[in-house]
Amino acid sequence: QVQLVESGGGLVQAGGSLRLSCAASRTYRTMAWFRQAPGKERDFVAAITWSGGSTIYSDSVKGRFTLSRDNAKNTVYLQMNNLKPEDTANYYCAARPGPISIAATSYDTWGQGTQVTVAS
């Protein structure tokens with residue numbers, strides 16, 4: 001069955017905000033977000049550890065996006081503020097039992113993706 005369920009994508013004007021959610025069926029040590037636009041590679045966005053509060057953000061979203069977690073619900077949230085057209089992509093939640101990582105190849109569990117479209 002699907003172990004990661006993403007929600008919260010949609011259409012927003014430049015400068016607006018969206019909040020993405022990723023609900024996991026069980027606890028993972030590390031959860032992360034990646035994004036992929038048509039014709040582009042899948043890029044790292046942000047990652048967070050389930051305990052300890054360690055976070056990593058890509059340079060392109062640092063200062064605009066914020067990760068948070070609700071361990072009781074096995075859920076992570078990606079608050080996206082001051083969105084730009086270049087943020088338009090399919091956003092994927094990922095999880096792994098190991099330590100925090102920015103490499104997509106290190107994650108074996110993936111959500112179905114949720115589309116974020118930012119209009120000029």
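**View 1. Ile56 and the residues it touches.** Leaving aside residues up to four places away in sequence, Ile56 touches Phe44, Val45, Ala46, Ala47, Ile100 and Ile102 in this predicted model. Ile56 itself is found in strand 6, which covers residues 55-57. With a relative accessible area of 29%, Ile56 is partly exposed, since that value falls between the 20% under which a residue counts as buried and the 50% over which a residue counts as exposed. For a sense of distance across the fold, Ile56 may be set against Tyr77, which is 21 residues away along the chain and whose C-alpha atom is separated from that of Ile56 by 14 Å.

**View 2. The whole chain, shown for orientation.** The protein contains 11 strands and 0 helices, so that the order of elements from the N terminus on is β-β-β-β-β-β-β-β-β-β-β. Its radius of gyration is 13 Å, close to the 14 Å that the globule rule gives for 120 residues, and the protein is therefore as compact as a globular protein of that length. Taken along the principal axes, the box filled by the C-alpha atoms is roughly 40 × 25 × 25 Å. Of the contacts with a separation of 6 or more, 58% are made by residues 24 or more positions apart, and buried residues account for 46% of the 120 residues.

**View 3. The largest nonpolar core and a second, separate one.** In soluble globular proteins, nonpolar side chains tend to be buried together. The largest nonpolar core here has 27 residues, and the members that touch the most others are Met31, Trp33, Leu78, Met80 and Tyr91. Two or more residues of this core come from each of strand 3 (18-24), strand 4 (30-36), strand 5 (43-49), strand 7 (65-70), strand 8 (75-80), strand 9 (89-96) and strand 11 (114-119). Apart from this set there is a second core of 6 residues, and among them are Phe34, Phe44, Ala94 and Tyr107.

**View 4. Tyr91 and its surroundings.** Tyr91 lies in strand 9 and counts as buried, with a relative accessibility of 0%. Not counting residues up to four places away in sequence, Tyr91 touches Glu6, Leu20, Trp33, Phe34, Arg35, Val45, Phe65, Leu78, Met80, Gly113, Thr114 and Val116. Among these partners, Trp33, Leu78 and Met80 are named together with Tyr91 as the residues of the largest core that touch the most other members. Arg42 is 49 residues from Tyr91 in sequence, while the two C-alpha atoms are 9.2 Å apart in space.

**View 5. Phe65, a contact of Tyr91.** Phe65 is found in strand 7 and is buried, its relative accessible area being 2%. Beyond residues up to four places away in sequence, the residues that Phe65 touches are Arg35, Val45, Tyr57, Leu78, Gln79, Met80, Asn81, Leu83, Asp87 and Tyr91. One of these, Leu83, is 18 residues from Phe65 along the chain, and the C-alpha atoms of the pair are separated by 8.9 Å.

**View 6. Two asparagines with positive phi.** Asn74 has a phi near 50°, a positive value in a residue other than glycine, and Asn82, which is likewise not a glycine, has a positive phi of about 50°. Asn74 sits in the loop between strand 7 and strand 8, whereas Asn82 is placed in the loop between strand 8 and strand 9. Asn74 is buried, with a relative accessible area of 14%, while Asn82 is partly exposed, with a relative accessible area of 42%.

**View 7. Asp59 in the loop between strand 6 and strand 7.** Asp59, found in the loop between strand 6 and strand 7, is exposed, with a relative accessible area of 67%. Although Asp59 and Asn74 are 15 residues apart in sequence, their C-alpha atoms are 26 Å apart in space.

Key. Residues numbered from 1 in each chain as written. Predicted model: local features only at pLDDT ≥ 70, side-chain atom pairs only at ≥ 80, totals over all residues. Heavy atoms only, no water. Helix = DSSP H or I, 4+ residues; strand = E, 2+ residues; numbered from the N terminus. Rg over C-alpha atoms; globule rule 2.2 N^0.38 Å. Buried < 20%, exposed > 50% of the residue type's maximum accessible area, 1.4 Å probe, protein only. Contact = heavy atoms within 4.5 Å. Core = buried A, V, L, I, M, F, W, Y, C linked by side-chain atoms within 4.5 Å.
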